[in-house]
Amino acid sequence: AVVSTQSTGIEEVAEKTPERVFKIPVDIFEGISDDAAVDLAQKLEFEGDAIGQAATEIKKLYELFIGVDATQVEVNPFGLTDQNEVVCFDAKINFDDNAQFRQKEIFAMEDTSESDPRELEAAEHDLNYIAMEGNIACLVNGAGLAMATMDIIQLHGGSPANFLDVGGKVQESQVEKAFNLLTKDPAVKAIFVNIFGGIVDCKIIATGIINACNKTGLELPLVVRLKGANMEAARELLANSGLDIAAYDELDEAAGAVVEFVK
């Protein structure tokens with residue numbers, strides 16, 4: 001989408017002058033055609049020789065977007081100098097984290113000086129960690145389940161301390177690392193593990209939990225809900241572990257229990 005305006009707020013433009021927002025469907029294999037680029041340049045009110053310059057820049061911006069695995073390339077402003085040259089004066093680019101393996105040079109430039117050390121440590125082990133302000137630590141697999149877990153904790157009157165997604169290819173060592181991260185937070189008063197084993201083996205999660213509890217000497221209340229692949233074997237492992245683990249089948253019941261632990 002391209003916005004033709006001197007305003008800096010796209011939300012305001014979209015609401016008050018939607019005709020100034022231009023969208024072009026692009027064939028990902030063909031890219032932006034010359035005709036489409038010229039048409040867009042004209043809609044942006046470039047004139048004369050500047051139309052060709054702007055069309056070239058528009059095509060190059062798309063090539064950049066694809067070439068660096070960007071999720072967003074935002075240019076503001078895109079305009080004309082006194083010398084009649086079309087210039088991208090400022091830009092913001094977001095990159096797809098999943099493309100890090102082929103965009104190593106770009107990701108090597110990341111400034112992590114202001115990042116949460118726990119988030120950086122989690123990333124080193126292919127874990128996704130986001131700190132929050134509550135006291136119930138959450139270990140889940142999948143962003144959707146993470147959101148649902150935090151919502152139901154709040155519905156029961158609790159407050160999540162974090163968002164920790166172990167992903168779909170998690171191994172026992174990553175579960176142990178996840179517990180290490182969760183227990184480092186002094187605000188955490190209980191841990192809630194909520195796993196849906198679609199592509200995750202619940203037995204791997206259970207073994208990781210047991211190992212993590214034994215190695216860390218976990219003293220916090222631990223509520224576990226495992227559903228899906230190998231969940232019966234996983235539940236048996238937890239039951240025979242000798243550890244004080246509150247296991248539940250239903251999410252609502254499990255969430256209610258973990259909230260009670262911190263009251």
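I began with Cys88, which has 27% relative accessibility and therefore counts as partly exposed. I note at the outset that the model is predicted.

I then looked for disulfides and found 0 in the structure. Cys213 accordingly takes part in none, and I read the distance from Cys213 to the nearest cysteine sulfur, that of Cys138, as 16 Å. A disulfide would need the two sulfur atoms within 2.5 Å. I also looked up the accessibility of Cys213: the value is 7%, so this cysteine counts as buried.

Next I turned to α2, which spans residues 34–43. I asked which residues of α2 are buried. I recorded Ala37, Leu40 and Ala41. They lie on the same side of α2, because they cover an arc of only 100° around the axis. I recalled the geometry behind this: an α-helix has 3.6 residues a turn, so residues three or four places apart point the same way. Just after α2, I noted a positive phi of about 70° at Glu45.

I then moved to the loop that joins β2 (21–22) to α2, where I located Phe29.

Conventions. Residues numbered from 1 in each chain as written. Predicted model: local features only at pLDDT ≥ 70, side-chain atom pairs only at ≥ 80, totals over all residues. Heavy atoms only, no water. Helix = DSSP H or I, 4+ residues; strand = E, 2+ residues; numbered from the N terminus. Buried < 20%, exposed > 50% of the residue type's maximum accessible area, 1.4 Å probe, protein only. Arc of directions from axis to C-beta.
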